Number of protein chains: 2
Amino acid sequence: MSKIKNISFDKIVFNSGYWKKRYELNRDVSLKSVRNRFEDTARFEALRFSYKEGQPLPHVYFDSDVAKWIEAVAYLVKSGNPCTEELALCEELIDSMEKNQRSDGYLNSHFQQIEPENIFTKRDAHELYCAGHLLEAAIAYSDATNDTKFLDIMKRYFDCIEKAFITEKTSKFSTPGHEEIELALIKMYEYTKDKKYLDMAMFFIDSRGTCDDVLFNILTKDYDQNAMPVRELTEAVGHAVRATYLFIAVAAAGRVTNDKELISAAERLFDNITTKQMYITGGIGASVKGEALTIEYDLPNLEAYSETCAAIALLLFSLEMQKYGLNAKYPAVIERILYNGLPSSTSIDGRSFFYQNPLEIHIASVNKDVSMAPANRTHYAPRHRSEIFSCSCCPPNINRIYARIGDVFLSEYNDDSGKALVINQFAAITADTENAKLTMSTAFPADGKINISLSNNNYSAVYIRKPEWCESYTTDAVATEKDGYIIIKASKEMSFYIDFSMNVFFAETNPSVRENNGRVALCYGPTVYCLERLDNDFDLGAVSVDVSAALETAKKIPSEEYALPDIELDGFVDEYFPQLYRKATLNKNKTKLRFKPYWTFANREECDMKIWIRGV
Amino acid sequence: MSKIKNISFDKIVFNSGYWKKRYELNRDVSLKSVRNRFEDTARFEALRFSYKEGQPLPHVYFDSDVAKWIEAVAYLVKSGNPCTEELALCEELIDSMEKNQRSDGYLNSHFQQIEPENIFTKRDAHELYCAGHLLEAAIAYSDATNDTKFLDIMKRYFDCIEKAFITEKTSKFSTPGHEEIELALIKMYEYTKDKKYLDMAMFFIDSRGTCDDVLFNILTKDYDQNAMPVRELTEAVGHAVRATYLFIAVAAAGRVTNDKELISAAERLFDNITTKQMYITGGIGASVKGEALTIEYDLPNLEAYSETCAAIALLLFSLEMQKYGLNAKYPAVIERILYNGLPSSTSIDGRSFFYQNPLEIHIASVNKDVSMAPANRTHYAPRHRSEIFSCSCCPPNINRIYARIGDVFLSEYNDDSGKALVINQFAAITADTENAKLTMSTAFPADGKINISLSNNNYSAVYIRKPEWCESYTTDAVATEKDGYIIIKASKEMSFYIDFSMNVFFAETNPSVRENNGRVALCYGPTVYCLERLDNDFDLGAVSVDVSAALETAKKIPSEEYALPDIELDGFVDEYFPQLYRKATLNKNKTKLRFKPYWTFANREECDMKIWIRGV
């Protein structure tokens, strides 16, 4: 059905600037940091199948943690990074899996070593989730190395799964408690063209919400998107990562089967998330309770859960939706995540990670819950990134997303005049596609000017997404504009620039979001900014700005530490007074406010942070 | 020590208006509503000592519920209300207590009937709390009826308590898990002049925070004010009712013993609560977790717990502090509670009650916690008053506070020129004191004009508290002003008026309260107003006012249902737009806003409610 396809990450080379730094930080620091902590916590050990009583238990989700790390290595290798040491570890683990796979094909480090009697009986034990992640890793590994050993292991395992869940129905449940396997199966179908995997994916997608499956007892069926068939779902509900992984599979299944109901569900759920349940950072899943999407327009800042894996899932969902056709709203969501909710997950030094990504920090509030000892007051988001968590799904997810981040930049699109190149995102890259060699040079996201050159070009046109924040642009090419894209007719060899005249501006939120009524967020191009108390020594809630006057005073202050400038502008801080209440004066004093990119928060000593401040 | 004393409620008669209506509503409706529901729920049955297996269990706190109801009846009788039926029930219950009191003096309907083996072993079972409430009831009953039977029962019970806790120390704990007994014991000391009761009070006050007592396991020692001696406490912490009942005892003990440390603790804790932890309604205890005071300046509106009993406790604490000397801050807090946090507890028809008093209702948010079934989503305050709760401490507390509400209006104060009459609060009352007959006629709180006449007067002067909200006043008497009081020299027979020129105004909160930054609350004299969505059909978070312009448009609209007018004024509602985020325009549309007195909220069909709206 689709006239558009994404250009794969392995065609892209990062030349300089923000994205080169990010890519290399992930490859050279984050990947190793995760590996080291995974060794410390016996995560790799689990797949060595050497568990002995008294040793750390292989947890039910360890296989998925390791799988994502292997997947990251595979993507890096596919892009030409040698990763010698990492590949050696992957090979060791794959050999171990081959050796320890049961004769019936079953493979799970927890159940085989700890409770083999419970295989396929515990819906809440992440068993099929682990299988899905292993399958994704195997596909990536096979694709990167041309070594099919891992994929063959997985083929045997998925035959076993097919038998237990579909053919013989010996399993004690029908659908996974945590979705993931569905999207992995469609990837497998697209990689192998074997329809069996598509059929399995459709079985898991369509059984959901139509069978007796339950998850724990305290939870509603909404938690795991199990209250009704996903085809009927009108609102994204429940655990944000589970929901979005399912929706990715729904979108992909719709695309490969051309099933209108699935396509329409995917579109509806994407719109529901992104127009009613998404933070300005691209984070989703507002509530710590159930790590869940809650109700429309419920986007608390201080209590924001906004799990890193959920932002990554929404990025992947958007990337999948991008395959439906030329529609600027999908890459716009990706841009939001790329420069905000994704980089916030990782410390500037690349070593440590956020599981939750709060939109505000108010240190004093951490102690609000006086009903329990300070150590147990976990209701408020952490203020520091960590190298590892007991549930450490996010760090290897960060590894694998940055390893394939090249996927987001370019598409090919068949328009009336032929095959066009679509530039979805902006970075200093070279791309060697079948139809041209593209070079973009830019300081984006620090600057909006993009120099584009094409050589040996067969594309008929270049479509350049016009970012939502761009009000006007200049170019030295002949350009037309359509549906959020700037279209430039292409020739064999060409060079041109486009300048989005990136400015500092304030954003506001739909009035239905009670948390942000009357508040504005400073943005510079795609990057959302925040105040940290270390730079602004007063209650951040007492801050306000006169929006237009403030922008006139805005000054960019270059930062040495990261590609983006700090921004300083004039604002106000409310007048302090001793009483708790008094007749309203609304007196306030002028002050300088210094903003930093949101994603750089919490990289210094612990302090309050705030994005949304009062504006008039 | 003290040169000031409160004039007792039994000297006061309500002649008309707000207070007559409130007083009679409590006597004629609320008291009967509570009685009926207490019969339904076997609360009176508990003290009939007729429990048989299979019947509803007498709960550990039932004695205290009944005690407060008896105390209310006693106050009404003392004021000359016959209350024939109610008195008959009191007599029946007192006879039953006498008959069923153990030979060692012990008296508790739960422990005697359900677990006698556990007497004085369970610190979390409200045993001494019940004893304290029974003692307060017995004092009131004896004082009202001159029948000492109930008081004699209590004397025997308190001898038993003294033996178990102090003389022989056979009890398994030293201090009550829920304070109350301390303040009751000081009341008993003041009523009987028997120093034994003061000594017992001091034992419980000073043992607290110095012994090994714990309460449950999940809680910190802060929860029951047990982490340190109250003399050292600098912040009010933990369960709001427990804390404030303790502080009342500390204030009273300081007064009767002239113990400077206790006096200073009481003053410090009163100031901490009222300048850092009190809602504009006079409610305290912000958090549902532990029903607790949390941290300074933590005053969430939507999640406000603000238990009715805590507002009543703060009223009683203020009344006790008022005995320290002439200081307008104490009656100012009482005024705040009288016209806001106390009446909000009761439906306009007098039949049903709030346990929690939210400062905001946002119906959609009730369903935010999607991790559990809708019926279990109890994190947000109820939207309806109920006639009874499983823990129904508040309704009889409301009964007893309104029955003695006359206590708040007048004091006598010895100044340099003789004995002066102090008018703390304003109402249409007649008061027959030893030194004069006072008549106040006023439509307060609907109007600020007070006509005062004294006949047969021996007071040297009249001190009239100038309310905090009053910016200027007129009077036809010769008046001086000092420390928040208007002083008028008195003659044998005199009449004068004072007009506080009550106006509509907006209040603001200390900037340290992050919940209310940039927000204002409409007030009319002492009454805080709110918006209800039934009268203002848009998201209440999208509302704002231009403070000075809005006040110029304010119109009072008389209400038939209660003494106060509605107020209508010009405000704004933010412009709606379809996206979730856009470049800030801060566009808004002019609209009429209709406010009602806060305490009248939730008397119609369920809807959103908001006090604090954005102001510029």
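# A tour of the two-chain model

Begin in chain B: select B:Pro445, which lies in the loop between β9 and β10 (449-455) of that chain. The model you have open is a predicted one.

Return to chain B and colour the strands β2, β8, β9, β10, β15 and β12. These six strands form an open sheet in the order β2-β8-β9-β10-β15-β12, with antiparallel pairing. At the edges are β2 (12-14) and β12 (474-475) of chain B, each of which pairs on one side only.

Strands of a sheet pair through backbone hydrogen bonds, either parallel or antiparallel. To see one pairing of this sheet, select residues 429-432 and 437-442 of chain B, which are strands β8 and β9; four bridges join them in the antiparallel sense. Which residue of β9(B) is the bridge partner of B:Asp432? It is B:Lys437.

Next, select B:Asp483, which is placed in the loop between β13 (479-482) and β14 (485-489) of chain B. The phi angle of B:Asp483 is near 50 degrees, a positive value in a residue other than glycine. B:Asp483 has 11 C-beta neighbours inside 10 Å and so counts as exposed.

**A helix with a buried side**

Stay in chain B and select residues 84-100, helix α4. The 17 residues of α4(B) should span 24 Å at 1.5 Å a residue, and the end C-alpha atoms are 24 Å apart, which agrees.

Which residues of α4(B) are buried? They are B:Glu86, B:Leu87, B:Cys90, B:Leu93, B:Ile94 and B:Met97.

**A loop residue in chain A**

Move to chain A and select A:Lys193, found in the loop between α8 (181-192) and α9 (195-207) of chain A. Phi of A:Lys193 is near 65 degrees, a positive value in a residue other than glycine. Is A:Lys193 buried or exposed? A:Lys193 is exposed, with 9 other C-beta atoms within 10 Å.

**Two domains of chain A**

Colour residues 409-499 of chain A as domain 1 and residues 504-615 as domain 2. The centres of these two domains of chain A, taken over C-alpha atoms, are separated by 34 Å. Where the domains touch, five residues of domain 1 of chain A are in contact with eight residues of domain 2 of chain A.

Now select strand β23 (residues 588-597) of chain A and bring up its partners. Strand β21 (residues 566-574) of chain A is joined to β23(A) by eight bridges and runs antiparallel. In this pairing, A:Ile567 stands opposite A:Phe595. Strand β18 (residues 527-532) of chain A is also antiparallel to β23(A), and three bridges join the two. A:Tyr529 has A:Pro597 in β23(A) as its bridge partner.

**Where the chains meet**

Finally, show both chains together. Contacts link 59 residues of chain A to 59 residues of chain B. On the side of chain A that touches chain B, at least two residues each come from α11 (260-276), β16 (504-509), β22 (581-583) and β25 (612-615) of chain A. The largest share of this side, five residues, is supplied by β16(A).

Because 100% of the interface residues of chain A are also interface residues in chain B, the copies meet through the same surface.

How are the two chains related? A rotation of 180 degrees, with 0.0 Å of shift along its axis, superposes chain A on chain B with an RMSD of 0.0 Å. That is the relation of a two-fold axis. To find the axis in the viewer, select A:Val616: in chain A its C-alpha is the nearest to the axis, at 4.0 Å.

Note on methods:
Residues numbered from 1 in each chain as written. Chains lettered and ligands numbered in written order. Predicted model: local features only at pLDDT ≥ 70, side-chain atom pairs only at ≥ 80, totals over all residues. Least-squares fit on C-alpha atoms with pLDDT ≥ 70 in both. Contact = placed C-beta atoms within 7 Å. Pairing = 2+ DSSP bridges. Expected span 1.5 Å × (residues − 1). Buried ≥ 20, exposed ≤ 12 C-beta atoms within 10 Å, placed from the backbone. Domains from an automatic or database assignment.
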